[in-house]
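Let's take a walk through this structure, stopping at a few spots along the way. Have the viewer open and follow along.

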Amino acid sequence: MRFESHLALKYIRTQKRSSLLTICSIIIAVTMMSMLFTGYATLQKCLRNVSCDNNPYHIRFTSVSQEQVDILEDATELKSFNAVKNEDGTYRADLMFKKDSIGDTEAYVQELAGKIGVSYEEFLYWKTDNIQYNQTLMNYDLVNDNARFSQLQSFCIMFIYVIFLALCLRLVIDTAFEVSSKERERQFGVLQSIGATPKQIVKIITAEGLILSVAGIPVGLALGVFVAYLAFRTIVGSGVAEAFVDPEKIDNLITFSVSPLMLAVSAVTGLVWVLLSAYGTGMRIIKMPTVEAISSRSNKVRKVKRHSLLGLIFGWTGKLASRNAKRQKKRFVITILSLTLSLTFFASGSVLINSASNCINELVGIVGSDFMIDCGNSYYEPLGYRDIMNRMEESGHFKNFKTNIIKTGSIDYNDQQSSAMICYVTENEYERMFRDKAPVSYDKLNKSGGYVFASLINKPDENIKSLNGMYYRLNADEEYREKYDNFKPEEDYDGYFDIYTGFSELMDEAGTREKIETTFDVTAVGKVDNTDGMYGEEEQYFLVATIEQYENGIYKQYGNISARVSFNCDVMDKEHYNDALKFIEKSDDMFLYMDVFKEAERIRTLLASVEIAGGFIIAFIALIAVVNMINIISTGIINRRSEIASMQCVGMTSGQLHKMIVIESIQYTLFSALGAVIICLLLIFGTREFIEMLELASAETVKRLVTYSEPMLKILAGSVVSLVVALITGFVSIRDMSRKSLIELIRSVD
């Protein structure tokens, strides 16, 4: 092996340009992998810190005695222990365990419970009220068997993703070795002719790969960590941490992490790529006959088509460029494939980020407001909601109110009685319900004094002019008003549902229900937009009128307790958000059903961080394409310098030579762009079908958010850059050749 290593080192020194390009290819591949793996390790560390901050325990015993606390604290597997006394005199014990210390969690906890006096028969019922698991933190800290499996599963998913990207990197290294060995086919042929065995030839190329790896992999690892840190600081600076973590804790929880294991995986993967490329190149060379290798020409001349599309368009220079590609099919295919993948990643990555952004804007637009609020318990008067809205407007924190007053009733439709929501809405809420497809204008509906009869799925019959219906009038006596006004939900209430249910039960108790049969005049029919899923998936019916109709007298029909009132509104501006939230929280007569502003800001911030991370990856993909193109174009011209010089001797002008380079560059770019277009179209088609199959969005929404045209612009931009790089590389290589005489070029031997 010493001989092979010595000869490989000589080749590296004499072929400085090829060696430098190969080292650059290795550096880029390892940099990208180490950047992704370091980012993965950093994300895992940050999530672990946040999980520990929220719930600082692996296992929590919620109610144990002092004696039981002492027993738990003596457990040898503990990493840390904390006990806090409860109001009832018992203790809450938080246990943190060492790595790989407890094996099967359920069996261990059952054993621990036995030590503190809980029998086997009692355990199944006792643990429900007395034990809490923080499995997420246990997974990050690898304390039990399930954690190992969970982390391995997560790592495998990440590794598969990285390997998918690394296919593009493998092509870069393959190309580098392929073009480097192509220059030295004659030397390898000479070595074989004087006695070198095929095994030695493979060893020489393998040794060359190892030496280049020693130079490239450490640089790639260091550069990958640096780029990952740069991306980390940029993402943190975008504000994503403040959206999910207390700003005062960011420095302690959101930290950059370098994992030696992840770097080792990156290095080993890069080295395997290099060795596979080197071995594959060596096997190709030793399969060549010795005479063919020395002459650098096949004993049998390959026939190529005399006519080609490029020849028809550009003449004999186009035909020559086409034949050059066909003579080196493998190198041509590798180049096209690597450029195609690069353009595909560039276009699809950008489209993915833009589609996600469009989805977020679509969802925010569906809700249409920053806050969704339900009125609380101060509505003994049917028009009492006006007091709240006036207070909110006077606070200066809110704007753009959309009010919706709902009364439950029923209608006779299609020969059966169906439930219906009787809604009185403001103009902007009316527009939101029908999404610019309202069957009649708001003003016309208000003047008519009637209702829009609408359904959720199937548009009702256009000929309907009136509907027989029924609702209950609710009247409360004075003696119940104080109880009604002072209603408070239980401390452990389950959100809005429990509050509204509590009000309904109180109203039923406090009031008298009177069944009212009536006729609803129908001004128009329509279909309610349900893209937000607010009304469920089953058919429902609506009778929609204006809020002015309600306030001008209809409210008197429903009794002296208000129907359910909800309204959406916007924050005056971002600076008013915290004050607006405090205003709502301090008010006893309203309930914040959904904080759309907060969730939208979180998602937008998270999306911005993803866009930053994606930008770094896309930049590396573009760099891969550039390096590959430079390597292919420059080496291809150098390998043909004797042939080019011969053509110049028989009359080929400098202009014709440059034209041939332009056509070759267009050829590479054109085929790569077509391949990227086909792949992107297939990806978009698959994405649309997947979303529709899972019913994540309607077909119309998917078509609007995921378009076929968007990646085409990205591919066009990437192709233009690739073409420019190819032209610059080709012209520079030609200029370097022009410094030598034609005789010297014809007689040149690599």
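Start with helix 3, which spans residues 66-73: Gln68, Val69 and Leu72 are buried there. These three cover an arc of only 105° around the axis, so they sit on the same side of helix 3. Keep in mind that this is a predicted model. And what do the buried residues of helix 3 pack against? Their partners are strand 1 (59-64), strand 2 (78-85), strand 3 (91-97) and helix 4 (105-115).

Helix 4 is a handy next stop. Its axis and that of helix 5 (residues 120-130) come within 10 Å and cross at roughly 115°. That angle makes helix 4 roughly perpendicular to helix 5, and the crossing is right-handed. On the helix 4 side, the contact is made by Glu106, Val109, Gln110 and Ala113, which meet Tyr120, Phe123, Trp126 and Lys127 of helix 5. Sort the residues of this contact by class and you get 5 nonpolar, 1 polar and 2 charged.

With 42% relative accessibility, Val610 counts as partly exposed, since the buried class stops under 20% and the exposed class begins over 50%. Val610 and Val240 are 370 residues apart along the chain, yet their C-alpha atoms are separated by 9.8 Å.

The last stop is Thr729, in helix 28 (residues 710-737). Is Thr729 buried or exposed? Its relative accessible area is 9%, so Thr729 is buried. Setting aside neighbours within four places in sequence, Thr729 is in contact with Ile630, Ile633 and Ser634.

Note on methods: Residues are numbered from 1 along each chain as its sequence is written. This is a predicted model: local features need pLDDT of at least 70, side-chain atom pairs count only at pLDDT 80 or more; totals for chains, interfaces and linings use all residues. Side-chain values use heavy atoms; hydrogens and water are left out. Buried means under 20% relative accessible area, exposed over 50%, partly exposed in between (1.4 Å probe, protein chains only). Helices (H or I, at least four residues) and strands (E, at least two) are DSSP runs, numbered from the N terminus. The arc is that of the directions from the helix axis to the C-beta atoms. Contact means heavy atoms within 4.5 Å. Axes are lines fitted to C-alpha atoms, for helices over the stretch in contact, and angles run from 0 to 180 degrees between N-to-C directions. Angles under 35 degrees count as roughly parallel, over 145 as roughly antiparallel, 65 to 115 as roughly perpendicular and the rest as oblique. A crossing is left-handed if the near helix is turned anticlockwise from the far one by less than a right angle, and right-handed if clockwise. Ala, Val, Leu, Ile, Met, Phe, Trp, Tyr, Cys and Pro count as nonpolar, Asp, Glu, Lys and Arg as charged, and the others, Gly among them, as polar.
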